[in-house]
Structure formats: C-alpha cells, structure tokens
Amino acid sequence: MICNAAKSPAQKRYLRRVLLFTGLYLVTFALQTALTKENDLSVFTRTAFALLPGFCISGVFWAIGRLIVEEQDEFQRMLTVRQAMIASGLAMASASVWGFLEGAAVVPHVDAYWWAVVWFIGLAIGGAVNRVQYGSWGMA
Amino acid sequence: MKNRLKVLRAERGWSQQDLAQRLEVSRQSVNAIETGKYDPSLPLAFRIADLFDMAIEEIFLRGE
C-alpha cells in the first residue's frame, strides 16, 4: 500500500520488485492450476510447478525485507517495520489458533498458503494503525 | 519529546517539504517530528541541529 506521493529510491525499487514478483506469481499460479488438472504428470513436474508460485510469494517477502534494509528515511523505515510486525503477529497467531482448532476437528482444513494472505491483510491493518498513530500509512 | 522545529522552520519561511528536502527525509517524517509523534534518532537530531546551526538541546526540549 503506497500512499505517499514522493517515493524514495528504496520505495521505487520495492515497487518494481513487488510488481515483478506479483506478475510472475500470476503466471506461475495459472500454470500450476492448469497443470494440476493433468493426472499423468510426474511427481517431479508437479513439485516444480507447485514450488514456483510459492517462490514468487517469497520474492514479495524478500522485497519487503530489502525495503527495510535499503530505506534511508528512518521514520518511514520504522513504519514499515511496525507494519511487518503487526502482520507477522496476526498471521502467526491466526495460524496457531486455527491449527489447534483444526487438530480438534472444530474447523475445516486450510491450505498453508492462506497464512501468507493473512500476513498481507495484517500489512494493510498495520498501515491503518500507522495512519492513526503516526499520521502516515507507511510504505509497504 | 517537545521540540521547536515548527517555529524554527516558520522563522525561515520554509514549508515542511522544504525542510524535508534539506534533511533528505520525507515530508511525513518532518510532520511526525514537529507534532511530537516521532522522536528522531541522534544522527538525525544532529542533522537538524546542524541545519539550523543550533545545539540539539536548543531544538529538542526535555520532558514529554
């Protein structure tokens, strides 16, 4: 969520990286979805195509990490760190609670990649928390 | 921490954006410091003090 008009060089690099990995994710996810319908694929092929979307999402996490490392504006860096911490807390807490509920057969099974989605929702919540507390959304 | 940044900036006729460019930070950073929502690190405080040609304690005041 980029809300500041003027972007630092680190923010521009972050945007380019996120766009790249998001584009690759869409392509690899479409490929993986199409290929999983084929039953006669080898384990190696299915594994390879299943890994690709996950690696692309990992690339977005890497881009956020690089943003924190490369950003020279300490206030903006702090906002991003706060966002990431709120996102991590939400995702980890959600996964833990859901995991135990799932183990007790109270809730249905959820594929693990959904916790990354929860993490990104947490990133947006973190931006809103930043806006309320510091008057600025942050960068990620 | 209270500070006199807004007054010092106004005395020089600078906007928040002007000050941000001089300090090489975002306008949001200047706003957060001026309103006391964010206390700058010591290196940034020194940069601010150098820019106004003052001591840090003449800009940033003790207390809440």
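This is a predicted model: local features need pLDDT of at least 70, side-chain atom pairs count only at pLDDT 80 or more; totals for chains, interfaces and linings use all residues.
Start with chain A. Chain A has four helices and zero strands. Read from the N terminus, its elements run α-α-α-α. Its C-alpha trace spans about 55 × 35 × 20 Å along the principal axes. Of its 140 residues, 32% count as buried. Now look at the contacts in chain A with a separation of 6 or more. Residues 24 or more positions apart account for 75% of them.

Residues 18-35 of chain A are 100% helix and 0% strand, and their end C-alpha atoms lie 25 Å apart. Residues 47-69 of chain A are also 100% helix and 0% strand, with 32 Å between the end C-alpha atoms.

Next, go to helix H2 of chain A, residues 43-70, and find A:Ala63. Is A:Ala63 buried or exposed? Its relative accessibility is 0%, so A:Ala63 counts as buried. Leaving aside residues up to four places away in sequence, A:Ala63 touches A:Tyr14, A:Arg17 and A:Val18. A:Arg13 is 50 residues from A:Ala63 in sequence, but the two C-alpha atoms are 8.5 Å apart in space.

A:Arg13 leads on to the charged pairs. Side chains of opposite charge can pair when their charged atoms come close. Over all chains, a search of the whole structure finds five salt bridges. In one of them, the side chains of A:Glu70 and A:Arg13 meet at 2.9 Å, N to O. This pair links distant parts of the chain. A:Glu70 is in helix H2 of chain A, while A:Arg13 is in helix H1 (residues 9-35), 57 residues apart. A:Glu70 counts as buried because its relative accessibility is 13%, under the 20% cut-off. A:Arg13 has a relative accessible area of 28%, so it is partly exposed.

A:Glu70 has another partner. The side chains of A:Arg66 and A:Glu70 meet in a salt bridge of 3.1 Å, N to O. Both residues lie in helix H2 of chain A, four residues apart, about one turn of the helix. A:Arg66 is partly exposed, with a relative accessible area of 29%.

Chain B has a charged pair of its own. The side chains of B:Arg9 and B:Glu34 form a salt bridge at 2.4 Å, N to O. This pair, too, links distant parts of its chain: B:Arg9 is in helix H1 (residues 5-11) of chain B and B:Glu34 is in helix H3, 25 residues apart. B:Arg9 counts as buried at 11% relative accessibility. B:Glu34 is buried as well, with a relative accessible area of 12%. Back in chain A, salt bridges that share partners join A:Arg13, A:Arg17, A:Arg66 and A:Glu70 into one network.

Stay with chain B for its annotation. UniProt, in an unreviewed entry, places the feature "domain: HTH cro/C1-type" at residues 5-59 of chain B. That span is 69% helix and 0% strand, and its end C-alpha atoms lie 6 Å apart. In the loop between H2 and H3 of chain B sits B:Glu24. B:Glu24 has a positive phi of about 60° although it is not a glycine. At 66% relative accessibility, B:Glu24 counts as exposed.

The loop between helix H2 (16-23) and helix H3 (27-34) of chain B also holds B:Ser26. B:Ser26 is buried, with a relative accessible area of 15%. Its side chain joins that of B:Ser29 in a polar contact of 2.8 Å. Not counting residues up to four places away in sequence, B:Ser26 touches A:Asp73, A:Gln76 and B:Ala20.

Those touches bring us to the interface. Here 10 residues of chain A are in contact with 10 residues of chain B. The two chains bury about 860 Å² between them, 51% of it on carbon and sulfur atoms. What joins the chains? On the side of chain A that touches chain B, helix H3 (74-103) and helix H4 (114-134) each supply at least two residues. H3(A) gives the most, with four residues. The residues of this side divide into three nonpolar, five polar and two charged.

Definitions and conventions: Residues are numbered from 1 along each chain as its sequence is written. Chains are lettered from A and ligands numbered from 1 in the order in which they are written. Side-chain values use heavy atoms; hydrogens and water are left out. Contact means heavy atoms within 4.5 Å. Buried area is the accessible area (1.4 Å probe) that two parts lose on being put together, summed over both. Ala, Val, Leu, Ile, Met, Phe, Trp, Tyr, Cys and Pro count as nonpolar, Asp, Glu, Lys and Arg as charged, and the others, Gly among them, as polar. UniProt positions are given in the numbering used here, feature names are shortened, and annotations may be inferred rather than shown by experiment. Buried means under 20% relative accessible area, exposed over 50%, partly exposed in between (1.4 Å probe, protein chains only). A polar contact is a pair of N or O atoms within 3.5 Å; within protein, one must be able to donate a hydrogen and the other to accept it, and residues adjacent in sequence count only if both atoms are side-chain atoms. A salt bridge is a side-chain nitrogen of Lys or Arg within 4 Å of a carboxyl oxygen of Asp or Glu.
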